[in-house]
Amino acid sequence: MTLVTPPAHDVSPSPRGSAPRRLLTALAVAVTAVTLAACGAGSAGGDAEAAKTRVVATAHGKVTVPARPLRIVSVHAWSTESLFDLGIKPVGIENSGATYVPPRYLKRWKATAKVTSGADIDYEKIASLKPDLIVGVDVPYLSKAYKSLSAIAPTTFAAFDDTSTWAEYPDATARFVDRGTQLAALKRTYEDRIAAVRKEYRAKLADARWDVIQGGFDSGNYWIYGPGSPVGDILDQIGVRFASASAAVPKGDNKSVSYERADLLKDADYVIYYTNNDGSPANHIQKLFDLEAFKRLPVAKDNHLVGTSDFLPGSYSDATGVVDSVAKMLDATAS
């Protein structure tokens, strides 16, 4: 699954260590603390130690983790959102940029210490938080950092590749922190909402076609996503039909096109797009909306533009938010 994740805007870089020696010292202290804790637990007997730990499957193989971790650091936004969903308060999280954090998480996100700024990871800060578990997603820059992170604390990454679906990330995070019961409740809420929307809006869904788009990070191009994208997958579960632009995108891919190609959306009855958490169009998609060629399209004339800050879902609450955005538009649409 090819995802284009927005960069962090208006975010000051996380502080970095001023000298390699300070970093090595911090890492050594963290590793020593973990080792001493393990030795102390082992003195109570093998059975007691086993009861305090679990072995979980991760993108980097099997990892022994605390049975009930208390100080969790998240180095990816999707893991962070799922931790919040599961009722867990991490001690450190990634800095993805406040603009991109869905509103439901924003207060908790702002109140938590930041340990990364994009691919810039502050290892000293992580070590100083004394985590007993680090969670994340095995995106390329984090995969490269795995060895250094696992020297600080047990590190568990969800697999990330072209075959992954959005739901695999919250599922993996819940498994890493042993919150299966809470995850099941989140899944039920999502599935019940899907079923309710499919039933209530069956006729409207059958009569309309949808395109999925995201603004680019420069003024030249925007992206069209297909049914295999995260939002496309959720729309597919709702039962929507895709318009020609999204239907033509191969599974797990996206298509970058010039803003001048507004005509590609000509047969869409609805367009769903990415917004910032204040509801404003994210990145440069407003450039498309301002074009006269776009304004002449049926979807623009009918004002069937569906914005959502949950465009890159990392949790079941995000996915439910996408469903809610669709339902809100359909509810406002004349029969």
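Helix H3 (residues 77–85) packs against helix H7 (residues 168–177) at an angle of about 65 degrees, and their axes lie 9 Å apart. The model you are looking at is predicted, and its protein chain holds 15 helices and 15 strands.

**H3 against H7**

- Seen as a crossing, H3 passes H7 in a right-handed sense.
- On the H3 side, the contact is made by Trp78, Ser79, Ser82 and Leu83, while H7 brings Tyr169, Pro170, Thr173 and Val177.
- Sorted by class, the residues of this contact of H3 with H7 are five nonpolar and three polar, with no charged residue.

**H3 against H4**

- H3 also packs with helix H4 (residues 103–110), here at an angle of about 95 degrees and with the axes 11 Å apart.
- Angles of 65 to 115 degrees count as roughly perpendicular, so that is the description that applies to H3 and H4.
- Glu81, Phe84 and Asp85 of H3 meet Tyr105, Arg108 and Trp109 of H4 in this contact.
- The contact of H3 with H4 divides into three nonpolar and three charged residues, with no polar ones.

**Helix H15**

- H15 covers residues 316–332, which makes 17 residues.
- From its first C-alpha to its last, H15 reaches 24 Å, close to the 24 Å expected at 1.5 Å a residue.
- Most of H15 is covered, as 12 of its 17 residues are buried.
- Among the buried residues of H15 are Tyr316, Asp318, Ala319, Thr320, Gly321, Val322 and Val323.
- Further along H15, the buried residues include Ser325, Val326, Ala327, Met329 and Leu330.

**A closer look at Ser325**

- Ser325 is one of the residues that lie in helix H15.
- Ser325 has a relative accessibility of 18%, and because the cut-off for buried is under 20%, Ser325 counts as buried.
- Leaving aside residues up to four places away in sequence, Ser325 touches Val306, Gly307 and Thr308.

**The chain as a whole**

- The protein chain has 335 residues, and 51% of them count as buried.
- Looking at contacts in the protein chain with a separation of 6 or more, 69% are between residues 24 or more positions apart.

Terms used: Residues numbered from 1 in each chain as written. Predicted model: local features only at pLDDT ≥ 70, side-chain atom pairs only at ≥ 80, totals over all residues. Heavy atoms only, no water. Helix = DSSP H or I, 4+ residues; strand = E, 2+ residues; numbered from the N terminus. Expected span 1.5 Å × (residues − 1). Buried < 20%, exposed > 50% of the residue type's maximum accessible area, 1.4 Å probe, protein only. Axes fitted to C-alpha atoms, helices over the stretch in contact; angles between N-to-C directions. Left-handed = near helix turned anticlockwise from the far one by under 90°. Contact = heavy atoms within 4.5 Å. Nonpolar A, V, L, I, M, F, W, Y, C, P; charged D, E, K, R; others polar. Parallel < 35°, antiparallel > 145°, perpendicular 65-115°, else oblique.
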